[in-house]
Amino acid sequence: MEKKSNSKKIAPIAKKPKIIARDISWLAFNARVLQEASDKSVPLLERIRFLGIFSNNLDEFFRVRVATLKRMLLVGKSTRMHLEENPDEILDGIQDKVIDQQREFDRIWEGIEDELKEQKIFIRTEKHLNKEQQKFVLNYFNEEVRTNIIPLMIESIQHFPFLRDKSIYLAVVLARQDNSVRQKFALIEIPTSILPRFIILPSKDGEEDIMLLEDVIRFSLPHIFSYFGFDKFSAHIIKVTRDAELDIDNDISTSLIHQIEKGLKDRRKGKPVRFVYDKDIDPLLLEYLMRRLGLSGKDNLIPGARIHNFKDFMDFPPGVFKERTSPQRKSFIHPLFANASSVMHVIQMQDVMLHFPYHSFDTIIDLLREAAIDPNVTSIKITAYRLARNSKIVNALVNAVRNGKQVTVALELRARFNEADNLEWKTRLEDEGVKVLIGIPGLKIHAKLCVIKKRIGTKTVQCGFVSTGNLNEKTARVYGDHCLLTANRNILADINRIFSYLENSKHDIKLLEACNTLPVSPYSMRPFFLRMIDKEIKNARHKKGGSMIIKMNSLSDPEMISKLYEAAKEGVDVSMIIRGICCAYTENKKWKKDITAVSIVDEYLEHARVFSFGKDSQEKVYIASCDWMLRNLDHRVEVAIPIFDPAIQQELRDILAIQLSGNVKARILDNEQKNEYKRDSSGKKIRSQIEIFKYLHEKQYS
């Protein structure tokens, strides 16, 4: 890597570029997820799963992004981030798009229900049960459900009960057929954290009947409220989404752990940012709930169909399908490790790149297990952001300590929505004797690094890895990521410098300045990428064919977007593969060449970050842990790594070429982000994830 200068010395761009609002672009991404649910070529179970993913994504979007925009309305223009200068306008746009997407969601679900019926799979409500099923449901309610619910007579409660985020509630109207008593309102929290959402009912031969937990409760309302004398009931699902941002200040007198613990408690009581309800709810009940919750028409009130919290549908019971036609392919061990007795020995001989989920994540676990029991290994240092629930990574590290190794884990406690889990991991690791680093004020540790030191006689040898994704064996089955396993001295020297920076109590930036091979945020990443783009601009100006391929999850940083616009204006070939947010416009009459940009949404989540600059023998390829977002470039510890091995360079080029040629699951990112599918006039269909699997499965290694 060339000599760098501190990113803080770079002059700010004189004029902010014209960009697409980040949150509107994110909604366009979630619309692509909804497209997968609508695509009849996708197996039915997977389409239901995509509806669940869409719903879960939207929940998180409201908890974080909408909550942030609402905060900005309160604080004034001077403290707003550059991308949200008009949060009120953005919130209005969000409301309109979310309601449109909700209508599309409901339409898709109605169609899926019809297709389920064609396969003799029925979702039964409380009104469509035969006598055997009625008896079964009532028994299930009495044996499993009754003791897990507490109805709240909300009109009798002075202080309205706190409605929890992530929960759904039945809002019930209680009345009598003869109108002899005044109707009353009640709330029942659906205990989905305790009981399954889906209950399989006794069914006819050849059929599968399923009932949702809330409908079990609906059916049982006469038994719940029998002693009140009511005989007429209507019940509809409601849901509140709350602000989930943690306010973690830099008060050094308060430990980070205590701040996070307090923040987690406050998160549960965050302000409502969305209220979702069944559009058929009793109008008087809706008016009452809005008044008691302090909601108005500006509070993202989203009318929907009967079912809410569709995230649970990611776990729709697969057993009800007679046969599953999902195109899932099994991960396989990288051929260089398939028959190897030692993972470390292979890495000492040559660099190897794993491509998840095509290659098995077991190789990473095997590497750490081997290091844990190898008597010559002296230390393991590793970063951790999101770990699996029953992490085999942690088990290997714990066993390494028990075998006398020095183990250091840089554990990011502020990984959003994983804060509580990581606090628990911290306790367990420290109880086992692991040295745990818990972060840096103002910076999240997002880099994915590992270095293993081994003593052979008087000589110390090292190996390790750098990954684009989390060290999580569960998500590695569905997240598309790259991981370089290497013994390269220059790379490992910089990884050691980064760990020295993390371990240093003063977090001396000079330790990052000393990195000669790896661009590192927050010190050198931004200026490095700007220089690489500038080189391609210079090549284009001198008719030397400037070219770059950029693959990321998200692109929203104004300075990087401005530099991409400059490259397009000068005629650089810019190709982008952006899964999620893309705030850049891709077409402009003033440019010599428009930007080619696609988003791939398919069975696997495209999560890798890859950067290619130049052509032919001059091409340089990097993988990284960061997107081009303000937070990644300036407020996180991130790493990019050059790929030196020519064979691995070519491997990455081939994979990028396959992704850019894809025309089945690729959507064009145009200025309007209409999500039109990329199609080939020849009629040849290229589904990139299937082609990459074939490419890697058939690849020969020497």
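**A friendly walk through the model**

1. Let's begin with confidence. This is a predicted model, and the protein chain has an average pLDDT of 91, with 92% of the residues scoring at least 70. Two stretches deserve a more careful eye. The pLDDT is below 50 over residues 78–83, a stretch with 14 contacts in the model beyond near neighbours in sequence. Residues 249–253 also have a pLDDT below 50, and this stretch has four contacts beyond near neighbours in sequence.

2. Now find the sheet made of three strands. Its order is S1-S5-S4, the sheet is open, and the pairing is mixed. Which strands sit at the edges? They are S1 (121–124) and S4 (198–201), each of which pairs on one side only. On average, neighbouring strands here are turned by 30° against each other, direction ignored.

3. Stay with this sheet and look at how S4 meets S5 (residues 208–212). The two pair in the antiparallel sense, over four bridges.

4. Next comes a pair of helices, H12 (residues 392–402) and H13 (residues 419–431). Their axes come within 10 Å and cross at roughly 20°. Angles under 35 degrees count as roughly parallel, so H12 is roughly parallel to H13. The crossing of H12 and H13 is right-handed. From H12, the contact is made by Val-394, Asn-395 and Val-398; from H13, by Trp-425, Arg-428 and Leu-429.

5. Finally, follow strand S23 (residues 620–624). Why can we call S23 largely enclosed by the rest of the structure? Because four of its five residues are buried. Strand S22 (residues 609–613) pairs with S23 in the antiparallel sense over five bridges. The hairpin of S22 and S23 has six residues between the strands, and in this hairpin Gly-614 takes a positive phi near 90°.

6. S23 also pairs with S24 (residues 636–642): the two run antiparallel and are joined by three bridges. Val-610 stands opposite Ile-623, and Ile-623 in turn stands opposite Ile-641 in S24. As a reminder while you look, strands of a sheet pair through backbone hydrogen bonds, either parallel or antiparallel.

Notes
Residues numbered from 1 in each chain as written. Predicted model: local features only at pLDDT ≥ 70, side-chain atom pairs only at ≥ 80, totals over all residues. Heavy atoms only, no water. pLDDT = per-residue confidence, 0-100. Contact = heavy atoms within 4.5 Å. Buried < 20%, exposed > 50% of the residue type's maximum accessible area, 1.4 Å probe, protein only. Pairing = 2+ DSSP bridges. Axes fitted to C-alpha atoms, helices over the stretch in contact; angles between N-to-C directions. Parallel < 35°, antiparallel > 145°, perpendicular 65-115°, else oblique. Left-handed = near helix turned anticlockwise from the far one by under 90°.
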